[in-house]
Amino acid sequence: DAADDDDDDHVETATTQSTRLAEAAVEVILAKRFKPSRPDATHLGFPAFDREKRLVGFYHEETSNGGTKINFVRADDPVRANLDDQDFAMAARVYDQEVEKKSNCVHNLAKHGGSLDRLKEQVAIYFWSKEPFADDR
């Protein structure tokens, strides 16, 4: 059983390492929620791209204990993202459209001093500033 525990630790470490490598490649985040093309799909978060304009993952908000964290999910994660080729193509089209029209939702790492934390923070602030407020009437 101890050997099985070691295997689980190894898998967890490999997954974590793979996620860190994917996140380290992030150059651009779109401050628009991405929804895969499947009818049952939900929004995955803000799409993140590498310098080759490849979708590498998503940032999504998680609220707990009164605070909000912005977490990264790899685009190739079969459980949390579950994307197909059509979704990757759609993400690339959205990226090109937003860049072409010089949209303010396009945030790049260089513009934020090379700080990924600052980039994520600015994306969230931009998105939240554009969200309509709920009407409490």
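Does Asp50 count as buried or exposed, and at what relative accessibility? Asp50 counts as buried, because its relative accessibility is 8%; buried means under 20% relative accessible area, exposed over 50%, and partly exposed in between (1.4 Å probe, protein chains only).

The model is predicted, so local features need pLDDT of at least 70 and side-chain atom pairs count only at pLDDT 80 or more, while totals for chains, interfaces and linings use all residues. Residues are numbered from 1 along each chain as its sequence is written, and side-chain values use heavy atoms, with hydrogens and water left out.

Asp50 pairs with Arg54 in a salt bridge, with 2.9 Å between the closest N and O atoms. A salt bridge here is a side-chain nitrogen of Lys or Arg within 4 Å of a carboxyl oxygen of Asp or Glu. The structure holds 11 of them.

Another joins Asp96 and Lys53 at 3.4 Å, N to O. Asp96 lies in helix α2 and Lys53 in the loop between β2 and β3, so this pair ties together parts 43 residues apart in sequence. Helices (H or I, at least four residues) and strands (E, at least two) are DSSP runs, numbered from the N terminus. Asp96 is partly exposed at 36%, and Lys53 is partly exposed at 40%.

Glu98 forms a salt bridge with Lys101, the closest N and O atoms being 3.6 Å apart. Glu98 is buried at 4% relative accessibility, whereas Lys101 is exposed at 55%.

Leu83 is in contact (heavy atoms within 4.5 Å) with residues including Phe34, Leu55 and Phe88, leaving aside neighbours within four places in sequence.
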